[in-house]
Amino acid sequence: MKFRGKIIDVACLNHFTRVITTISKLTKVSVLRLTPDNLFFILSEKVANGGVSMWCELAQGNFFDEFQMEGVTADDNEICLEVAPESLSRALKTLQNAKALKIKLTKKHCPCLTISADLPTLSSVSRVVTHDVPVDIIPRKLWHEFKEPHMPDFDVSIYLPPLKTIKNVVDRMKNLSNFLVLEANMSGQMNLKIETDLVSVTTHFKDLGNPPWGDEGSQRDCEAMAQARLDIRKLQQFLTGQQVNPTKALCNLVHHSLVHLILLHEDVSLQYFIPAVA
Amino acid sequence: MVNTGALSRLPSPALPPHICSGCEFGPHKRVRKYDIGITSGNKQFYFPKYMTTAPFLEQHASLAAGKRRYLHSISSIYSTEQMRRQMKQHYLDVLHSCLQSGNCVKAFGRAVHALARLGDELWLDPLAKGLALRSVNSAHSAYSCFLFSPLFFHKYNLRSATEKSAEAIKCKLLMKSILPLFRLPSIERTVERFEISIEEDLVKMKFFCKHGIVKTHNLRFQESDALQAVFSSHLCPNVLKAPAKLLSDMVMHFPVSQEEITLSISAAKVSLRNYFERGNGHMKLMHTEMSLHPDEFHYFQVGVDSDITFCLKELRGLLTFAESHCLPVSVYFGAAGKPVCFSIEDMVLEATVVLATLMETESRAPSQHTATPLNTTTSRCEVEAPQDRSGVEQVASSQGSPILAPRLSLYPSQIDLPCGQGDPIRTHAPSPAPSLVCSLLFKALSQAEDAALDPKVLVGVSDEEDVMEEEPQSPPL
C-alpha cells in the first residue's frame, strides 16, 4: 500500500485546505478512501452520529500535481483510512505559503499520513516542516460500509436558497426549539418551521427552482409539500461548516424520512444525509 | 576673545539655570566681534548679539541687557550635570509629544497579558531602574519579568528609599483583578493616558480615556518579598538570537493545546518538535517537526548539542509581545535539565522568561498527567551547589540580559514565595544556603537603588551603570 501526492499550486493548496476544514467541521472522524482518480471523505451512517452520513468526492487531478497510489492489491486498487480531519486541517492551515507540499502514507510509530512542506525563508535554505497525522487502516472486509450512497427515492427536489440566509434563520430558530420542520414542493417553495408551546415561526422561501431530474417530477402534484422533521443541531452543524459558496446547492426530501443535501463546487461534491425524527 | 580665567572666577548665581538651557557656550569657542561689549573692572567681555534678544530671556522683562549678559556668562560655567538633566527632560518631552500615549498603554497591557499566561499573581516592583512586573507559575518552573525603564514613562517618580523605610515597595496583586483592566483591542483606541501609582496599601491605576472619562481603579495589594529568578545567561553554552517573527512563526505550527516542545540544537540545524509523554494516548496525536538553518538566526552559538524540553504555553505570551514590537528574541540554554531563558530588549523595556526544562534521564510515571507537567520537573531538577558564590552578590536586575547579568544560577524550586501575611515560606529548599542567597538578593536590590542616583546617559540605549565586581562579563551579542 503506497500513496504519494504533491501539491505545488498555492490556489490548489488553499482550496484543498478549505475542503478539509469544511469536513472537519462536520465530523470528528472520517474515512478517507483513495482511488487512482479520486479522494473520498466518507462518514457512514451510525447510531453514534445520530444517523447522519456524508459523502464528499474530490477529483485528485484538480488538486495534486503528482498523485501516485498503489492499493491493497491489484484487484482492490484502493486505500481506506480512518483519519481525524481536524488534524489534517490544522496541519494544512499553517502551511499555506509553502513552496511545495507533499502528502505520503508512512509508517512511523503507527501508520501516518505525513505532510511535509518547504516553507520559504529569508535565507537560502528553506525550512522544512513535517506533520505526522496518525491514521487507522481499514481492512477490506469493512469496505462495503463505505460505498457511494444511492440517490434516495425522493418526493421533492429543490434548489436551496443562499446558504448564509438559511444559516442565519436556523441559528435564530435554534434558540427557540430543538426540532425544525423542513418542507418544500415542486413549485420552488420551501418553508422552515418551528413550533413550541408558546410560539411558532415559519420562514418562507419562494421561487427557488427545482432541478430537472427527469420524468419523476410530473407524477407529483406541484403544490404538495413534502416535509421532514429534523434535529436542528444537525442542520446547523452542516451549515456552519460551509465556507465557500457552492456552484449548486440542492435538497432532496423524502417525506417524513430523509433530507438529502447536495452541494456541488467545480471540483468537489458533498452529499449530506440527515434522517428525519418522529 | 572671552577671558576664561575671569569667567571661572565669577560666583554661581542664585537664579535657576533654566533660563539658559540649551545654550552651552564653551570657553573654547571663539566669539566674533560684536558691537556690544561691556567692561567690568579692567576686563572686556564680548557676547554674541543673539543673547540680547533671546526669547528665554524675554520672560524676564525687568532684566537689563547687562544682567542678561551676566547670566549668559554664568551658564557657561554652570555644572554640566544639571545641564544634562535639563536636556534629558527636554528630550523626553519631545519624545513623548511625538509618541502617542496609547502606545504605552498597549505595551503595558500586552506585558500584563503575557504575564497572565504564566501565573495567577503579579508582582509590581518600582525600582530606580524602572517598573518591574513579574510573575511565576504555580509549579515554580516558569518565571517572567517585564522591566519598563523610566524612559518608557512620561514621568517616573520614585520616592527615594531614604524617605520611607529602607525597603522598597513590593506589592503582589491578583492577576485576575488586573487583567480585565487591559482589554487589548479596545484599550489603545479609548485610553489616551495612563497613570499608575503605589500608595500606602493601594495600587492606583488611572485611565484617562476619550471624551473626558477617567477610570480609576484602586487595587489593594499584599506586601510581599520581591520575587526573582537568578540566571547565568552568559554562562550558557548555547545562544541564539532570532529575528522577531521567526520564533512565533515556528510555534504557530503547533496546536494551541500543545503543552511541551523539544528544541534540539546541533551545529547544522535547530529543530523543534512536539513532546509527548510516554504512555497511552500519544499514538493518536499529531506529531510535528520542523528545522531551522543557522543562517536564519542573527546570532547562532552552539556549545553543546542538546535537546531541551520546556513548556510552550508559557512562552507564547512573550513571543506575541516580541512580534508585536518587532524585537528579536534571544535564547540562552545549555544541556537538558538546565533552565532556558528567552529575553527581548529595546530602549525602554526588557522582558525575560525563564523556563525549567526536563531532565534527560527522567522517566515519567504514566500516571502523572500533563495537567501541570513541570511539577515533576521542578522537584527533580538538580540544585546546583552554591559553592562558587561569593558572600554578597550584587544582583543586577531581573532582566538577565547578557551584558548586565552577573554569574547567577537558577533555582526554580527555591524561589522565595511568601504566602498570606508575608512570612516567607521556603519551597523545596534542601539547604539553608540558597535561602540565604535569596535574602541577600533583596538587600542588594536596595543598595543598588541608592547607587543609581547619578543621571542616566541621555541617549535611548539604556546603558546601565551597574555596580559589577569581580564577575566576568559576557561578550555582547
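How many bridges join strand S1 (residues 2-7) of chain A to S5(A), and which way do the two run? I looked this up first. Five bridges join S1(A) to S5(A), and the two strands run antiparallel. I also picked out one pair: A:Arg4 has A:Gln68 as its bridge partner in S5(A).

Some ground rules for my notes. The model is predicted, so I note that local features need pLDDT of at least 70 and side-chain atom pairs count only at pLDDT 80 or more, while totals for chains, interfaces and linings use all residues. Residues are numbered from 1 along each chain as its sequence is written, chains are lettered from A and ligands numbered from 1 in the order in which they are written, and side-chain values use heavy atoms, with hydrogens and water left out. My helices (H or I, at least four residues) and strands (E, at least two) are DSSP runs, numbered from the N terminus. I call two strands paired if DSSP finds at least two bridges between them.

**Entry: a second sheet, in chain A**

Next I found an open sheet of four strands in chain A, in the order S14-S13-S12-S15. Its pairing is antiparallel. S14 (200-205) and S15 (226-231) of chain A are the edge strands; each has a single partner strand, so one side of each lacks a neighbour in the sheet.

I checked one pair more carefully. Six bridges join S12 (residues 179-184) of chain A to S15(A), and these run antiparallel. A:Leu182 has A:Ala228 as its bridge partner in S15(A). I jotted down a general point too: in a regular strand the side chains alternate between the two faces of the sheet.

Two helices lie across this sheet. H3 (residues 163-174) of chain A lies across S12, S13 (190-195) and S14, at about 10° to S13(A). H4 (residues 232-241) of chain A lies across S12 and S15, at about 90° to S15(A). For angles I use axes that are lines fitted to C-alpha atoms, for helices over the stretch in contact; angles run from 0 to 180 degrees between N-to-C directions.

How do H3(A) and H4(A) cross? Their axes come within 10 Å and cross at roughly 145°. The crossing is left-handed (the near helix is turned anticlockwise from the far one by less than a right angle; clockwise would be right-handed). I listed the contact residues (heavy atoms within 4.5 Å). Among them are A:Leu163, A:Ile166 and A:Val170 of H3(A) and A:Ile232, A:Leu235 and A:Leu239 of H4(A).

**Entry: H1 and H2 of chain A**

The axes of H1 (residues 10-26) and H2 (residues 85-93) of chain A come within 8 Å and cross at roughly 150°. That makes H1(A) roughly antiparallel to H2(A) (over 145 degrees; under 35 is roughly parallel, 65 to 115 roughly perpendicular, the rest oblique). H1(A) passes H2(A) in a left-handed crossing. The contact includes A:Leu13, A:Phe16 and A:Ile20 of H1(A), and A:Pro85, A:Leu88 and A:Leu92 of H2(A).

**Entry: chain B**

I then turned to H8 (residues 244-252) and H9 (residues 313-325) of chain B. Their axes come within 8 Å and cross at roughly 135°. The two are therefore oblique to each other, and the crossing is left-handed.

Seven bridges join S7 (residues 191-198) to S8 (residues 202-209) of chain B, running antiparallel. B:Ser197 has B:Lys204 as its bridge partner in S8(B). S7(B) and S8(B) form a hairpin with three residues between them.

**Entry: salt bridges**

I counted 14 salt bridges over all chains (a side-chain nitrogen of Lys or Arg within 4 Å of a carboxyl oxygen of Asp or Glu). A:Arg33 forms one with A:Glu78, the closest N and O atoms being 2.8 Å apart. The pair links distant parts of the chain, 45 residues apart. A:Arg33 sits in S2 (residues 30-34) of chain A, and A:Glu78 in the loop between S5 and S6 (79-83).
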